Amino acid sequence: MPGLTARDLMTPDVVTVPPETPVMAMARLLADRGISAVPVVDPAGAVLGIVTEADLIRRLAGEEDKPTSWFGALFADPASQAERFARTHGVTAKDLMTEKVVTVGPDTTAAHIAHMMEEQKIRRVVVLDGDKLKGIVSRADLLRALVAPAHEDAELSDERVRRAVMAAMKKEPWTDTFYTMVEVNAGVVTFHGFRRSDVVQKALRVLAENVPGVKSVVDDTQPMPVFIYGAA
């Protein structure tokens, strides 16, 4: 993850909603798009807040809130109670949204974003370039960035490459896994056995070259004998 910034990590083209968007419309939007949050913006595109899955669930849970007892009311904070009531009974985005949105710039490092999420116990940050919304970086984005370098740099084992080549061959009707055998050594794929035609063998080479981890391809096959070809 070294060197990565919000620009590299963020999900661009973020779906946004205006403040007047109804609760059910937002719930449907999150479910249909498979997203966990939606920024609320004004007509000029400025970010006013963000509505998350947690906000919508809080809204649903609020339907079973019970009135505070007279004793509890003695110690309750009226401002906090009023805020909770508005967020659990509101019908539009402006009522439910979290107004304090944590933002970062496009050049904010991945490490700093991770530190902010951990320190502030949040799941996402909004990426702004000046006042313009550019994207969102979530915990999932950070995790993908964390594992991607190791996955890309790791040397794939010869056995894993061989299995991948065999799997690719079995998907194609023109290959012959019965008479063509695959060997992989240090990323070099060698085909042994018999070939039906040169054009098939060319396609087989191209197939192998498209498998991740393959460094080169060697064709060590022989023309298929007539007695085998006739029986096949």
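Buried means under 20% relative accessible area, exposed over 50%, and partly exposed in between (1.4 Å probe, protein chains only). A salt bridge is a side-chain nitrogen of Lys or Arg within 4 Å of a carboxyl oxygen of Asp or Glu, and the count by this rule comes to 7. The model is predicted: local features need pLDDT of at least 70, side-chain atom pairs count only at pLDDT 80 or more, and totals for chains, interfaces and linings use all residues. Residues are numbered from 1 along each chain as its sequence is written, and side-chain values use heavy atoms, with hydrogens and water left out.

**Links between distant parts of the chain**

- Arg 7 and Asp 107 form a salt bridge with an N to O distance of 2.5 Å.
- This pair, 100 residues apart, connects helix H1 (residues 6-9) to the loop between strand E3 (103-104) and helix H7 (110-120); helices (H or I, at least four residues) and strands (E, at least two) are DSSP runs, numbered from the N terminus.
- Arg 7 is partly exposed at 44% relative accessibility, whereas Asp 107 is exposed at 55%.
- Asp 176 and Arg 196 meet in a salt bridge at 2.9 Å, N to O.
- The two residues lie 20 residues apart, Asp 176 in the loop between helix H9 and strand E6 and Arg 196 in the loop between strand E7 and helix H10.
- Asp 176 is buried at 15%, while Arg 196 is partly exposed at 38%.

**Network**

- Salt bridges with shared partners join Glu 159, Arg 162 and Arg 163 into one network.

**Within a helix**

- Asp 55 pairs with Arg 58 in a salt bridge, with the closest N and O atoms 2.8 Å apart.
- Asp 55 and Arg 58 are separated by about one helical turn because they stand 3 residues apart in helix H3 (residues 53-61).
- Asp 55 is buried at 2%, and Arg 58 is partly exposed at 28%.
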